[in-house]
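Thanks, everyone. I have one structure to go through this morning. Please look at the sequence and the model as I put them up.

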Amino acid sequence: MNGSEQSLLSHLDAPIVVGDPDGNAVYINPAFEDRFGESPLGVPLAELFEGGAREAVLRAVVSACSQDQTARFRLREGEVGFSGVASPITAAGEQVGVVILLKEEVEGTERLLAIQREMQGPMEEVWTALETLFEETGGRRNPHHRALVEDAQRAFTRVRKWTGEMHALIAGAPTESAQAFDPAPALREIARRSQRVSDAQQTSLELLVPVTLPDLQGDEGRFVEVILRMVEARLEKSPAPERFTISARTVGRGDDRALLVGLSEHCSTPFSEPFSDEPVMMEALASLGAEFQANVQPAMGRVSLLRFQG
């Protein structure tokens, strides 16, 4: 790092430390020294911090130096929390170091983490109650009630997973990576959970899905919840469709393979325009990486087509 770059960093109010390709400190700006104290150069970056912060910094430095990836993390120094960003420094296409920028967290982050921790006790109480209800509705005594409890347990499992991800995001820890799942059972679950709404609307619900489908990468729970909300929105629309079909098939091969999920509404009275989803649903579909088309076909009724890259 040349003198002009050092001079520029010295005027920034945010703590900054620069490391060499081996992850050792080669520059510390005055703002860093003010908040963390003077530290000798040449020591590993992680050793500039105390306690649990060292592991977070070490993990971020490894990502930046070894994997050439920007990494975010969180640490505390005394009573102050910091969010950090470790970014690789490149020159002439080569990785020559890492720069760590720290920023004091906005007030309220600690309270969010505390709320997330406080949620754990009540959530476990709800889970225990669901387990008890599941046992008491076993066998053939109350099949409808048992199905309701099973739905609640599945939903609760997703809530538990999402609160864990929320904690990881707030704390700056790595979140779980996307996992592969078979969308066929997920679509069958959507059809089963939609059955009560279709029965109430006197709509005939049909499922046209193979026994298995090629795996998708992503969050299976979110896949189910988003499509379920789309199905129920169509079933609850007035007038309700007389027949509703959920279908799925794969198209293409290799890298071009995709899953097509169709939501088809049939009614004796022709539809005049495609179903209009709320903007929040379009955002949810985008988060799943889905492409969306909606149209009206005289022979098929109103159709919404979701395309997921395989």
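When I say helix, I mean a DSSP run of H or I with at least four residues, and a strand is a run of E with at least two; both are numbered from the N terminus. Counted that way, the protein has eight helices and 12 strands.

This is a predicted model, so confidence comes before detail, pLDDT being the predictor's confidence in each residue. The average pLDDT for the protein is 81, and 87% of the residues score at least 70. Among the elements, strand 7, residues 204-208, has the highest mean, 95, while helix 1, residues 3-10, has the lowest, 60.

Now the overall figures. There are 310 residues, and 37% of them count as buried. Of the contacts with a separation of 6 or more, 56% are between residues 24 or more positions apart. The accessible surface comes to about 17,500 Å², with 51% of that belonging to carbon and sulfur atoms.

Two local points on the backbone. Omega for the Ser 238 to Pro 239 bond is about -5°.

Is Gln 202 buried or exposed? Its relative accessibility is 72%, and exposed means over 50%, so Gln 202 counts as exposed.

Note on methods:
Residues numbered from 1 in each chain as written. Predicted model: local features only at pLDDT ≥ 70, side-chain atom pairs only at ≥ 80, totals over all residues. Heavy atoms only, no water. Buried < 20%, exposed > 50% of the residue type's maximum accessible area, 1.4 Å probe, protein only. Contact = heavy atoms within 4.5 Å. Areas by Shrake-Rupley, 256 points an atom, 1.4 Å probe, with all protein chains shown as cover. pLDDT = per-residue confidence, 0-100.
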